[in-house]
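I opened this entry to look at how the two chains are built and where they meet. My notes follow in the order in which I looked things up.

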Amino acid sequence: MKHIVNKHPLAIRWFHWLNFPLLAIMIWSGLLIYWAYDPYAIKLFGHTVFKFFPEWFYQKYHIKRRLAEGMAFHFVFMWLFAVNGLLYVLYTLFSGEWRYLLPKKSSWREAWLVLLHDLHLRKTAPPQNKYNAAQRIAYSAVIVMGLGSLLTGLAIYKPVQLYWLVFVCGGYKTARVIHFALTIGYCLFFVIHIIQVILAGWQNFISMIRGFEVADTDTAKIIVKRTDDERTT
Amino acid sequence: MNELPEDKAARQPKDVEPYDRKKVNRRTFISSLTFLAGGTLAYFGWNKLYLSPKETTADATAGAHAPLRKVLDANGNVFENAVSPDHLARTYPKAMAAKQPRVNGDIGIQKELEDNWRLNVVKSNNETLQITIDDLRKLPKTEFAFEFKCVEGWSQISHWGGVKFSDFVKHYQLNEQAKLAYVGMHTPDEKYYVGIDTPSAMHPQTLLCYEVSGQPLSAKHGAPLRLIIPTKYGIKNLKRIGTIFFSNDRPRDYWAELGYDYFSGL
């Protein structure tokens, strides 16, 4: 017998899909800003492995000489990006959704098993609820990263007025490096996220839009049982 | 199982519901439609903003999309008013300062300095002070090293010396003029010009600067007199000041006319 299994609350779907274009605009405008002073590179033994960013990249995506434009977009959309993120965090706190999202004690060990399973090195996946251990860690980490971007961003934006924040970030230059590294982090997150979504299939994907999955009795039972376990523990 | 009272349990969203094709179809239709409508709206909204005309030069700024400029100006107000102007930029020991501070830009100082340079201070329509560099050197000197920040993103600790703008205002009895909202400055050839909100100009670290690294300013650093304002990006630190004036309207600003934030405060 089939069941409707409710998965993602409406609010979380809104936060998710609003965040997607907002983060994209922040990254794009951030690139326009970064171009004006682009010293970062990955170096091994004094040899440059990869420069952020190669000339062809700037050329292809028309990044050059758009600092003023980048700053204008960045300092307008930062408000929307931050507010959407803060509302998401508040919602998960007050609705109790954090129970499915925060890593548990067992998550750290289980995440490893999830990885082995995903790489087809292990047959069975560890038991999971709405999100598996790896997802819990990833989705919590990306929120911590968001907070990091917000704080390092503010430190770079108003380093005199928010001098204490610059201190916390380890200085103006360090804050800029962290801000940049976190952005690269989002891009890596995005790539893995997309691969996982494709692998997880259509039901999983469309549940991020319509909120529910259609599942058979066994699957539904498992989810209900686990949900109850977590509500009571 | 849940030990919630009946009514509370009823309000909990149900995780599993019996399969109902109509319900599935209805919920899928509504949410997909909302998703597509939202996406379309976002697409056209973004296009409208991205292709919106650049502002006209009406109010001392230009070059930015008009809706963005409104937010930039609002941001300026938020940060200008929210935080006390007493906050000082961090200072460093002189020894940490770059021996040869970076030079970036020569707009307004391309021609050689004329011998008869004077600092013109417009007190009123019919009174302009003419001040020599020796007059300024007689005023109390302030020097410090701070992390100079360029709008491009680089920063460098450098050491500057000169007279505090606030001391200068006091000495030349410009207190009435300093009640106006803005201070305007431009190079003798008027090719580079900045507008500074007066609270930032009166900040205790804002200098009419005549020394860098303990030496008189070189031509490239803006001899004989430049502005050092640690609470703003380098673009506001005008070199070779020719004229200073006061105004309640925003004075023209070179980079704000090219799409940059007018306030440009740090």
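Before checking any helix length I noted that the expected span of a helix is 1.5 Å times one less than its number of residues, and that helices (H or I, at least four residues) and strands (E, at least two) are DSSP runs, numbered from the N terminus.

I also noted that this is a predicted model, in which local features need pLDDT of at least 70 and side-chain atom pairs count only at pLDDT 80 or more, while totals for chains, interfaces and linings use all residues. Residues are numbered from 1 along each chain as its sequence is written, and chains are lettered from A and ligands numbered from 1 in the order in which they are written.

**Helix α2 of chain B.** I looked up helix α2 (residues 21–50) of chain B, whose 30 residues should span 44 Å at 1.5 Å a residue, and the end C-alpha atoms are 43 Å apart, which agrees. I then asked how many residues of α2(B) are buried, taking a residue as buried if 20 or more other C-beta atoms, placed from the backbone, lie within 10 Å of its own. The count is 0 among the 30 residues, so α2(B) is hardly covered.

**Domains of chain B.** The assignment, whose bounds come from an automatic or database source, gives domain 1 (6–50) and domain 2 (57–102 + 115–258). I found 54 Å between the centres of these two domains of chain B, taken over C-alpha atoms.

**Where the chains meet.** Counting residues as in contact if their C-beta atoms, placed from the backbone, lie within 7 Å, I found 43 residues from chain B and 38 residues from chain A in the contact. On the side of chain B that touches chain A, β1 (16–18), α2, α3 (66–82) and β5 (142–149) each supply at least two residues, and α2(B) gives the most, with 9 residues.

I also looked at strands across the contact, where two strands pair if DSSP finds at least two bridges between them. Strand β1 (residues 2–6) of chain A pairs with β1(B) in the antiparallel sense over 3 bridges, and A:His3 stands opposite B:Pro18 in β1(B).

**Chain A.** I recorded 10 helices and 4 strands in chain A, with a C-alpha trace that spans about 60 × 40 × 30 Å along its principal axes. Buried residues make up 25% of the 233 residues in chain A.

Terms used:
A residue is buried if 20 or more other C-beta atoms lie within 10 Å of its own, exposed if 12 or fewer, and partly exposed in between; C-beta atoms are placed from the backbone. Two residues are in contact if their C-beta atoms, placed from the backbone, lie within 7 Å.
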